[in-house]
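Please have a look at it first, and then I will go from the overall picture to some individual residues.

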Amino acid sequence: MAAASLMGVSEGSAQEPAAAPAPPPRIAAVVEEGRRALEGRRYLEAVRLLTEATRLDPRHGEAHLLLGQAYWADDRSHPLSATRAADAFAAAVALDPSLATAWGRTALEQLAVATVRSERLDEARAAYMRLLEVETREERRARYLTQIDEIDLDRGVYEARAGTEYGPTGEIIGPIGPIRMRTNRWFEKGRHTQDPVKAEEYYRRAREADPVMWQASLNHGIAIAQQRRFTEALPILADAAAKWRAAFPDAPPHQRAHLWRLICFLALGRLDEAAGEVDVLTRLPDRDPWVAVYVLRYLVAAGRPEPALERLAGIAAENPESVEVLHALALAQHAVGRRDEAVRTLERALAVIPDGHLTLRYMVQPLSDLLANWRGSTP
């Protein structure tokens with residue numbers, strides 16, 4: 001609004017009449033547009049829109065909630081930022097401390113998860129304690145109480161109870177909380193960070209604390225693979241698969257262990273071994289959607305890009321900001337001779353990597369090198 005209209009014009013003044021006030025910001029429309037971007041998995045666009053919405057109306061709690069979801073969610077392989085998500089969820093909760101709105105409880109639940117995954121343990125513990133005040137369902141209460149115990153285990157203040165077990169290094173290895181989780185301090189520290197460098201060290205120590213814990217080997221291998229040290233990751237992922245088999249001899253092979261081994265073999269160009277992992281993965285009764293991406297990437301690498309191309313294009317349409325999907329699609333496009341399209345797709349992949357992203361930053365250099373190579377070879 002113009003300054004003159006705020007101050008008014010005195011009677012008899014020769015000043016020009018005040019300009020008409022600007023129409024109020026279309027907050028609802030901006031929030032709805034941001035919601036649609038979020039639902040379409042266009043996270044960077046959603047962040048832009050919802051950041052604008054919270055700037056225009058800092059007290060719009062649902063906009064803060066949606067902004068947090070745009071930054072981060074559990075079902076995404078590379079969320080944009082757990083820390084910024086936690087800030088947005090915290091802003092939403094502050095606007096509804098009594099949880100009276102339709103979105104307040106959701107904001108508090110997601111605040112708890114985002115803070116615990118970004119090493120903000122005091123905030124996470126407080127959020128879970130607040131959830132206990134309003135939760136009556138026993139299974140939810142058990143989960144929250146267990147999460148609080150796991151936070152205390154990470155912080156080194158967990159009080160051992162009757163029946164507590166210890167591993168060879170003297171660390172508590174469970175059972176923790178009403179759910180009686182088998183875990184240890186270092187495993188929880190690994191779960192509570194998004195940084196693969198920290199996670200590598202934490203999960204290494206978790207394996208020492210509990211040598212039969214297959215989850216520690218799996219997460220240790222993934223943390224190393226995320227840093228693109230694929231050769232080092234392979235035997236650790238094999239160890240995870242073997243420990244899973246020992247613990248559950250009648251269960252199918254562990255999907256994530258074999259998926260990450262496939263990722264490693266593809267990155268290393270070891271196609272015969274990649275084919276073995278593809279065989280394991282395609283025999284599983286229930287497959288993670290990400291399995292399809294890397295099986296299709298194997299087909300491209302093995303000289304069969306045509307059947308992979310259309311399916312990858314469809315997956316990319318549903319996941320327009322997934323660096324892994326765009327990379328796979330670009331490889332397929334290049335393999336069938338559509339080099340200009342491949343260059344544009346790879347440019348898109350690089351453009352959606354946020355500066356300094358904790359895991360995706362490791363993909364910037366190899367993708368940049370590949371793009372430079374393709375540009376140099378394009379007529």
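Let me begin with the surface, where the accessible area of the protein chain comes to about 18,900 Å², and 52% of that area belongs to carbon and sulfur atoms. Please keep in mind throughout that what we are looking at is a predicted model. The chain has 379 residues, of which 48% count as buried, and it contains 19 helices and two strands. Along its principal axes, the C-alpha trace spans about 90 × 70 × 30 Å.

As for charge, there are 48 positive and 53 negative side chains, and the centres of these two sets lie 2 Å apart. If we take the contacts in the chain with a separation of 6 or more, 55% of them are between residues 24 or more positions apart.

Now to the interior. In soluble globular proteins, nonpolar side chains tend to be buried together. Here the largest nonpolar core has 58 residues, and the members that touch the most others are Leu312, Val323 and Leu367. To take one of these, Leu367 is in contact, once its neighbours within four places in sequence are left aside, with Val323, His327, Leu346, Ala349, Leu350 and Ile353. Apart from this core lies another, of 43 residues, which includes Ala53, Ala63, Ala70 and Leu121.

Let me turn to the aromatic rings, where the count comes to five pairs. How are the rings of Trp214 and Trp244 arranged towards each other? Their centres are 4.9 Å apart and their planes stand at 85 degrees, and because an angle over 60 counts as edge-to-face, that is what we call this pair. Trp214 belongs to helix H11, residues 214-226, and Trp244 to helix H12, residues 230-247, so the pair ties together parts that are 30 residues apart in sequence. Both tryptophans fall under the 20% cut-off for buried residues, since Trp214 has a relative accessibility of 15% and Trp244 has a relative accessible area of 16%.

Trp244 has a further partner in Phe248, and this second pair is tilted, with 4.7 Å from centre to centre and 45 degrees between the planes. Phe248 itself is partly exposed, at a relative accessible area of 40%.

I will finish with some details of the backbone. The peptide bond from Gly174 to Pro175 is cis, with omega near -10 degrees, and Pro175 sits in the loop between strand S2, 172-174, and helix H9, 185-191. Glu119, although it is not a glycine, has a positive phi of about 65 degrees; Glu119 lies in the loop between helix H6, 104-116, and helix H7, 121-134, and counts as partly exposed at 38% relative accessibility. Arg228, another residue other than glycine with a positive phi, has a value near 65 degrees. Arg228 is located in the loop between H11 and H12, and with a relative accessible area of 35% it is partly exposed.

How values were computed:
Residues are numbered from 1 along each chain as its sequence is written. This is a predicted model: local features need pLDDT of at least 70, side-chain atom pairs count only at pLDDT 80 or more; totals for chains, interfaces and linings use all residues. Side-chain values use heavy atoms; hydrogens and water are left out. Helices (H or I, at least four residues) and strands (E, at least two) are DSSP runs, numbered from the N terminus. Buried means under 20% relative accessible area, exposed over 50%, partly exposed in between (1.4 Å probe, protein chains only). Contact means heavy atoms within 4.5 Å. Accessible areas come from the Shrake-Rupley method with a 1.4 Å probe; for residues, only the protein chains shown count as cover. Lys and Arg count as positive and Asp and Glu as negative; His and the chain ends are not counted. The place of a charge is taken as NZ of Lys, CZ of Arg, CG of Asp or CD of Glu. A nonpolar core is a set of buried Ala, Val, Leu, Ile, Met, Phe, Trp, Tyr and Cys residues joined through side-chain atoms within 4.5 Å. Rings of Phe, Tyr and Trp (its six-membered ring) pair if their centres lie within 6.5 Å; planes under 30 degrees apart count as stacked, over 60 as edge-to-face and the rest as tilted.
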